Amino acid sequence: MPAKGKHRRPKQHPITRKLALAGTGSAALALPLISTTTAGAAEATAAPATRSAVTAAVTAPAAPAATTYSVLPGDTLSEIAAEHSVSGGWKKLYAANRSVIGDNPAIIRPGIKLNLDTQADAGRASRSAPRTALKPAAAKPAYANNLDGWIRESLDVMAKHGIPGTYNGIHRNVMRESSGNPLAINNWDINAQNGIPSKGLLQVIDPTFKAYHVPGTSLDSYDPVANITAACNYAAARYGSIDNVNGPY
């Protein structure tokens with residue numbers, strides 16, 4: 001007896017067939033799902049970045065106020081201090097810029113740069129003050145109390161006043177005029193006869209000493225340094241330099 005439905009293909013339910021077809025095309029159907037998921041993820045990731053950018057824009061610090069000012073014609077310290085809200089007013093502004101303004105705060109030259117940051121300037125001044133106070137003063141050169149020391153001290157004074165002369169030129173003339181004796185005096189020549197004898201290391205008469213005396217030296221014509229310096233000043237005016245003197249002068 002023939003078997004019932006032995007070789008018959010089982011009839012698939014329409015819904016089953018559709019599911020099978022759906023399974024066959026699952027790769028195609030998966031693509032939109034993946035694409036949709038990726039887009040959603042990108043959108044979710046982009047949102048914090050956008051908020052961060054907005055936050056950065058809102059919280060960005062304002063540009064710092066100007067700390068210097070170039071003076072224009074007609075400017076005054078009080079106007080500049082008021083316009084730029086300088087702490088302490090024009091007096092503080094002047095104190096912070098005295099080195100470039102000068103001693104008269106009423107006169108400010110167009111073009112100079114003023115420091116408007118008076119607070120910072122005051123801080124720098126207070127920090128540097130102790131170091132300045134502790135800085136030792138430059139030691140004054142020590143000169144021997146003899147002809148060598150007198151000549152060297154005179155040369156230093158002469159250099160400050162632009163008076164020419166060399167050690168050898170001074171020494172040569174001193175030895176001829178006084179043999180190195182700072183108290184030497186000539187009581188026999190025409191000057192002595194006129195009541196103004198030549199004195200000191202370089203035998204200078206009082207009127208010449210007074211006329212060519214160099215500030216910062218003694219007013220005593222017998223003083224070795226004062227005598228040398230005044231004589232060299234006179235020789236420079238008359239002969240160009242003490243180095244050019246080789247006899248009575």
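Reply: Happy to! Let's start with a charged pair: Asp148 forms a salt bridge with Arg152, and their closest N and O atoms are 3.1 Å apart. A salt bridge here is a side-chain nitrogen of Lys or Arg within 4 Å of a carboxyl oxygen of Asp or Glu. This is a predicted model, where local features need pLDDT of at least 70 and side-chain atom pairs count only at pLDDT 80 or more, while totals for chains, interfaces and linings use all residues. Residues are numbered from 1 along each chain as its sequence is written, and side-chain values use heavy atoms, leaving out hydrogens and water.

Me: Where do Asp148 and Arg152 sit relative to each other in helix α6?

Reply: They are four residues apart in α6 (residues 147-161), so about one helical turn separates them. Helices are DSSP runs (H or I, at least four residues), numbered from the N terminus. In general, an α-helix has 3.6 residues a turn, so residues three or four places apart point the same way.

Me: How many salt bridges are there in the structure?

Reply: Four. One of them joins Lys199 and Asp206, at 3.1 Å from N to O.

Me: Is Lys199 buried or exposed?

Reply: Lys199 is buried, with a relative accessible area of 15%, whereas Asp206 is partly exposed at 26%. Buried means under 20% relative accessible area, exposed over 50%, and partly exposed in between (1.4 Å probe, protein chains only).

Me: OK, new topic. What is the span of helix α4, end to end?

Reply: α4 (residues 89-101) has 13 residues, but its end C-alpha atoms are only 16 Å apart, short of the 18 Å a straight helix would reach at 1.5 Å a residue. The expected span is 1.5 Å times one less than the number of residues.

Me: And where is the kink in α4 centred?

Reply: On Ala95, with a kink of about 50°. The bend at a residue is the angle between axes fitted to the seven residues ending there and the seven starting there.

Me: What about α10, what does its length look like?

Reply: α10 (residues 224-239) has 16 residues and reaches 21 Å from first C-alpha to last, close to the 22 Å expected at 1.5 Å a residue.

Me: Which helices do the buried residues of α10 pack against?

Reply: α6, α7 (167-177) and α9 (206-212). Contact means heavy atoms within 4.5 Å. Among the buried residues of α10 are Val225, Ile228 and Tyr234.

Me: And what follows α10?

Reply: Gly240, whose phi is positive, near 95°.

Key
Helices (H or I, at least four residues) and strands (E, at least two) are DSSP runs, numbered from the N terminus.
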